[in-house]
Amino acid sequence: MSGYDVMAKFNRADGVNIGTDVRLSGIKVGTVAGMALDPKTYSAVLTLALENSVKLPDDSSARITSEGLLGNQKGNETKLLQRKNQAI
């Protein structure tokens, strides 16, 4: 898949692995391409590889979701979503 990378920081990244789908409105638009631990804040830093056709606004946010026992989604959201070449 050709595209571009964005970086997102989360307090936790439970259930996420390299290759996990990235979805927008339920549609797959990319994958998790990398995972690292920020040595200063101990936040999880994820690299999201997105398709070129997906143009995210600068004020976009990301959320990690998982289904609970009753089918409801629980999430961990970040407001910080940046192009990979920018500081986060």
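**Strands and salt bridges in a predicted model**

Colleague: How many bridges join strand β2 to strand β3, and what makes them count as paired?

Modeller: Four bridges join β2 (residues 21-24) to β3 (residues 27-37), and the two run antiparallel. Strands (E, at least two residues) are DSSP runs numbered from the N terminus. Two strands pair if DSSP finds at least two bridges between them, so β2 and β3 qualify. This is a predicted model, where local features need pLDDT of at least 70 and side-chain atom pairs count only at pLDDT 80 or more, while totals for chains, interfaces and linings use all residues. Residues are numbered from 1 along each chain as its sequence is written, and side-chain values use heavy atoms, with hydrogens and water left out.

Colleague: Why is the contact of K9 with D38 called a salt bridge?

Modeller: A salt bridge is a side-chain nitrogen of Lys or Arg within 4 Å of a carboxyl oxygen of Asp or Glu. For K9 and D38 the closest N and O atoms are 2.8 Å apart, so the pair counts. The two residues are 29 apart, with K9 in strand β1 and D38 in the loop between β3 and β4.

Colleague: And D21, why is it called partly exposed?

Modeller: Buried means under 20% relative accessible area, exposed over 50%, and partly exposed in between (1.4 Å probe, protein chains only). D21 has 34% relative accessibility, so it counts as partly exposed. K28, at 41%, also counts as partly exposed.

Colleague: Which residues are linked with D21 in a network of salt bridges?

Modeller: R23 and K28 are linked with D21 in that network. The closest N and O atoms are 3.0 Å apart for R23 and D21, and 3.4 Å apart for K28 and D21.
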